[in-house]
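Please look through the sequence and the structure shown here, and then read the report that follows, which takes one part of the picture at a time.

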Amino acid sequence: MTIDLENINVILATDCGSTTTKAILIEKVDGTYRQTYRGEAPTTVEKPFANVTIGVTNSVTEVAELAGRSLTNDDGTILQPAKDGDGCDLYISTSSAGGGLQMMVAGVIAEMTAASAKRAALGAGAIVMDVISTNDKRRPHEQIQRIRELRPDMILISGGTDGGTTEKVVQLAELIAPAKPQPRFGSEYEMPIIYAGNKDASEEVEKSLDEDWIDLAIVENLRPKLEQENLGPARDKIHDVFLEHVMAHAPGYEMLMDWTDADIMPTPGAVGDILQTIAKKDGINVVGVDIGGATTDVFSVFDETFNRTVSANLGMSYSISNVCAEATMPNVLRWVHFDMDERELRNRVKNKMIRPTTIPQSLESLIFEQAVAREALRLAYKQHKEFATTLKGVQQQRTVGDTFSQQSSGNTIVDNMKLNLLVASGGVLSHAPSMNQTAMMLVDAFEPEGCTNLAKDSIFMMPHLGVLSAVHPEAASQVFERDCLIYLGTCIAAKGVGKTGKPCFTWSLNGDVTASGTCNFGDLERIAMGPEQKATITCEPAKGFDLGAGSGKKVSHEVRGGTVGLIIDGRGRPLGLPEDRQECQQTISTWVENMALYENQRQDEEMEQAVVTA
Amino acid sequence: MAHAYTPGLKVTRRMTHQVVRMLPIKGEVNVEVGDTVDADKIVAATYMPGDVYPLNMANLLAVPPKDVASLMLQKEGEKIEEGEPLAETAGIFGKFKKIYKSPYSGTVETISDVTGQVILRGPDIPVEVKAYMSGKVIDVNPEVGCTIENDAAFIQGIFGIGGETFGTINIAVDSPDQTLTGADLSEDMRGCVVVGGARMTEESIETARKYGIAAIVSGGMDDQDLRDFPGYDLGVAITGSEKKGITVVLTEGFGDIAMATRTFELFKTFEGHRASVNGATQIRAGVMRPEIIIPLDAVSTEAEPEHSGGFLELGKPLRIIRDPYFGMIGTVKTLPSDPHVLDSGSKARVLEVELSTGEAVIVPRANVELIEA
């Protein structure tokens, strides 16, 4: 379908989530695209409604009421084109309803082709349920048992470079055929299997998977050479299969596909697309995070390489108990600057898990939830760094000069010193009562180094903009810059560790704001600097500290302000906290005070109340 | 807005309840529409394809993969018993033959000439589906399963561990706020569904297991005891497949929290009756809560509207489900329409609750659930 971009003035976008369908309206105002109205309604993929378009119509109706613009026809369909103040010119949608796209992937070697296959699936917006490989330490019958238990929407098989092993690849296919995994959508569903491995093995794989319940698609090898990944064709095929098979089986999606002017995208895939678009446009490295109730998604673009991970059981409600179990309670509590009863806390965590929709009422509760969030984010980012690596198994040529400097293959490409923009989204970050709290959760969990801009997705519109960027990149870019991101400010942090109170770096700020000072090790300071203000910061790190130019080397950065301002962080990297509980509480108290984290809240009264209640 | 929808757990003295019993794959349904069944009646049965055992025959015989098929003594589809010769090499001049005996009983499913892999399929695994709830079969889906219906008292729990079971209801405590300890249990409770009051201790669960009690139901439990019981810290609330020899259901939550009076009274009314219990809990989209079903075959009680949430309205009784007032009972006093700034600093829609002590407190609407009158 050809879309005349010149004549698009009103855009309607929806994101059908597992629980809520969110609609936004984008309008051309004075020649610039702006997000103007937003509405939401419960997603309707379960009985008694079982038709996703009902939720879409409801959310669009809310937007229509707010905008004073009719957007639907009498039968609930989208009114197009825009005319006389009603309707829209373009309607697009993303979806993660029904649990999103759930995939199983298989590859010959876990660290090589299987890792590439996982990257392809995650990049396409899927949840990877399991990765099967010939070296995953499970015996073949255990692997078959696992495949049988899973109920994936589709399977991606890779393995072997072109001209490499065929036997091992065919062996994988031979495991899948007898396992006969049951799809989620019932016995009539033909299981889509995508083969993206050694092209020489295609014929044999096809023979092994010649079953009436399998719908096999063969695409280009996603790892044609050890040193080369070719994820595009596999990702595109996953997207096609998602639309043709998975979405077609979700209630009402066939109707929704008719309504939209562009293909429906899986929500995380759309978020990845918009981050890539922005990284490319501005030539920057970006990390984005979306922390939800059940999962945490981390996206990164470093030197134009995109990676996405889903930490399946790190979340703030359904998975909160798992965060506490994985991080351990002492690690969570190190972020809390007062005593809490651990037994009572553990019961509270479990009560949040079984009643996930409750919200923190007391300040004490909020501080604890934000402590859990720091640990969930920290663990999710750690997983992301371990996953986002250079290609493993690649031989590198070394010279004598490289002997001590050249790193082996498979190192993380995530480099916090090179990170330019860190974007937050998800309830606990987006709905924190103060922006300072959001900024500090990001800084404490991600530990950015050097100079890093911090921002948050104002109303979680990145999915909408992701799908829009595929249709109308200019509109997506304008809305992203003006309405999507709320700039919190900039974090200046030194890499290195020193003694508390000893000089870490000196700094001077010149521009819309002028200031200077010395940041000692352990200090955390906030300089007020508004969203429109810009300045140049020049830092001279002490020996052993690095702010981007090397240890002890002077460096200048252009910085922008935000709702929080400039954060001068001399706490060192990696960020360490005192092991002694009392000392740790005092340290955190100082940071809380310096950052005015809970300034406007009745902290003392709350503490008293909590004690009385306990 | 004068009211807002608020969830609550279903607790009802009488309702018509249906359970759908389905096989995981097609098989045979043993009942017909109109049949009356007991909870332990096997209503459908089938055989699952057996376990799969891959054998790398090319390696085992030290021959090229393409030769494997010709050396197999059993061809695809043929059966073999454990210990019987499965493949044999040609040897040298008919001598020094190498024989490979099958390590498993089953059927030869596939023989690959690319990898030299042989897939053996073990014997079929029988699968039986019980009625779970006594009642009348009202629908049969041929080869798949059936639907059973009965009038029943129904209690939905908040969290459970363990799968389906059934037994006679036995009340082990005097009041809903009494902690359930091992001393409250006895050996003659074997096979029973034992009801406690407030928190069940870890010792009470251990004692119950020792006595062969089918299920225990109580108001609350400590997280620490939950960890000791399955032996691991539960990360996400997806349960039901634990094989601990007992099913555990919490009606209210974690901590020392009393069972709702109405729930306790309901159990007391039906002491001595058979109940079906399932601890399976899945707290995700499409939430599944544990349940206690008490079929009312010969009991005369009046039907009543079920309680399972509804709209917050002035005077309605509720429970606060989040600190700082967790577990407290009260009634809706006012429903302010404007968002309120909470002590946490967040803005949220709230309600004013009049606690049973007479004190009035402000609570976010998300932090209450409706309970019985």
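## Paired strands in chain B

Strand β25 of chain B, covering residues 329-334, pairs with strand β28 of chain B, covering residues 350-355, and the two are joined by four bridges in the antiparallel sense. Within this pairing, the residue of β28(B) that stands opposite B:Thr334 is B:Glu352. In a regular strand the side chains alternate between the two faces of the sheet.

β28(B) also pairs with strand β29 of chain B, which spans residues 360-364, and here five bridges hold an antiparallel arrangement. B:Glu354 has B:Ala360 of β29(B) as its bridge partner. The strands β28(B) and β29(B) form a hairpin with four residues between them, and in this hairpin B:Gly358 adopts a positive phi near 100°.

## Confidence in the predicted model

The whole structure is a predicted model, and the predictor assigns the complex an ipTM of 0.85 together with a pTM of 0.82. For chain B the average pLDDT is 88, with 93% of the residues scoring at least 70. Among the elements of chain B, the lowest mean pLDDT, 53, belongs to strand β1 (residues 5-6), whereas the highest, 97, belongs to strand β17 (residues 193-195).

For chain A the average pLDDT is 87, and 92% of the residues score at least 70. The pLDDT falls below 50 over residues 602-614 of chain A, although this stretch still has 19 contacts in the model beyond its near neighbours in sequence.

## Domains of the two chains

Chain B is divided into domain 1, made of residues 7-17 + 150-295, domain 2, made of residues 52-121, and domain 3, made of residues 312-370. When the centres are taken over C-alpha atoms, domain 1 of chain B and domain 2 of chain B are separated by 52 Å.

Chain A is likewise divided into domain 1 (5-97), domain 2 (100-259) and domain 3 (264-393 + 408-488). The C-alpha centres of domain 1 and domain 3 of chain A lie 27 Å apart, and the contact between these domains involves 20 residues of domain 1 and 20 residues of domain 3. On the side of domain 1 of chain A that touches domain 3, the elements giving two or more residues are β1 (10-16), β2 (20-29), β3 (32-42) and β4 (90-95) of chain A. Sorted by class, this side of domain 1 has nine nonpolar, seven polar and four charged residues.

## A mostly covered helix in chain A

Helix α8 of chain A runs over residues 267-282, and its 16 residues reach 23 Å from the first C-alpha to the last, which is close to the 22 Å expected at 1.5 Å a residue. Are the residues of α8(A) mostly covered or mostly uncovered? The helix is mostly covered, with twelve of its 16 residues buried, and among these buried residues are A:Val271, A:Asp273, A:Ile274, A:Leu275 and A:Ile278. α8(A) is followed by A:Gly283, which has a positive phi near 60°.

## Where chain A meets chain B

How many residues does each chain bring to the contact? Chain A brings 51 residues and chain B brings 45 residues. On the side of chain A that touches chain B, at least two residues come from each of α3 (140-149), α4 (167-179), α9 (320-327), α11 (342-354), α12 (363-387) and α18 (603-613) of chain A. The largest share of this side, eight residues, is supplied by α11(A). By class, the side of chain A that touches chain B contains 18 nonpolar, 22 polar and eleven charged residues.

Note on methods. Residues numbered from 1 in each chain as written. Chains lettered and ligands numbered in written order. Predicted model: local features only at pLDDT ≥ 70, side-chain atom pairs only at ≥ 80, totals over all residues. Domains from an automatic or database assignment. Contact = placed C-beta atoms within 7 Å. Nonpolar A, V, L, I, M, F, W, Y, C, P; charged D, E, K, R; others polar. Expected span 1.5 Å × (residues − 1). Buried ≥ 20, exposed ≤ 12 C-beta atoms within 10 Å, placed from the backbone. Pairing = 2+ DSSP bridges. pLDDT = per-residue confidence, 0-100.
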